Amino acid sequence: MAEVLQGHRVASGTWGEVWFDNEKLAEVYKFQSKATYTKEEIARCGIMTSDHKITKISLAGSVGMHKVNSRLAKVVGEQVMQGHDPRISIIGKLDDPDTNGADYILHEGVSFDDLTLMDWEAGVAGKIEAPFTFASYTYLESMGD
């Protein structure tokens with residue numbers, strides 16, 4: 001008989017944390033990182049269906065932050081304006097006390113795709129979204145281990 005999902009075991013983003021170059025960011029309200037696979041179609045002899053082979057992996061993500069300072073735009077933006085391509089590391093962690101362990105991932109070679117310099121609307125709490133790409137990742141800890 002299949003095991004039944006217990007709702008309280010589903011990880012809640014309330015327990016997420018993010019660090020930029022070992023500095024914890026209290027203003028983060030959401031975080032996502034993904035590995036997207038490029039596949040090549042492979043024709044096969046003696047069979048009508050094709051298969052696929054992964055030929056490339058693209059790593060990208062996004063961090064959403066409440067607008068409490070301009071730290072990211074100033075540090076990264078000033079370096080880019082001077083001709084530099086700054087790279088940082090980001091650690092994302094999700095450690096809900098009701099789950100079986102934590103996901104704790106180091107993202108290295110992080111490069112931001114754009115920077116929100118200013119974005120506001122009267123009567124609305126400020127938020128910024130910072131999309132990025134990264135070169136590699138390492139699980140420091142993973143749920144279910």
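These legends describe close-up views of a predicted model. In this model, local features need pLDDT of at least 70 and side-chain atom pairs count only at pLDDT 80 or more, while totals for chains, interfaces and linings use all residues. Residues are numbered from 1 along each chain as its sequence is written, and side-chain values use heavy atoms, with hydrogens and water left out.

**View A. The largest nonpolar core has 17 residues.** Such a core joins buried Ala, Val, Leu, Ile, Met, Phe, Trp, Tyr and Cys residues through side-chain atoms within 4.5 Å; buried means under 20% relative accessible area with a 1.4 Å probe, protein chains only. Phe20, Val63, Met65, Leu72, Ile90, Val110 and Phe112 touch the most other members. Two or more residues each come from β1 (16-20), β4 (51-66), α1 (71-81), β5 (88-94), β6 (103-112) and β7 (127-133). Helices (H or I, at least four residues) and strands (E, at least two) are DSSP runs, numbered from the N terminus.

**View B. Phe20 and its contacts.** Contact means heavy atoms within 4.5 Å. Leaving aside residues up to four places away in sequence, Phe20 touches Leu25, Val63, Leu72, Ile88, Ser89, Ile90 and Phe112.

**View C. The second largest pocket holds about 200 Å³ of space.** On a 1 Å grid over the protein atoms alone, a pocket is an open set of points where a 1.4 Å probe fits, with protein on both sides within 12 Å along at least five of seven lines; lining residues have an atom within 4 Å of a point. Volume is the space filled by probe spheres set on the points, which are joined across faces, edges and corners. Phe20, Leu72 and Phe112 are among the lining residues. α1 gives the most, with 5 residues.

Technical notes: Buried < 20%, exposed > 50% of the residue type's maximum accessible area, 1.4 Å probe, protein only.
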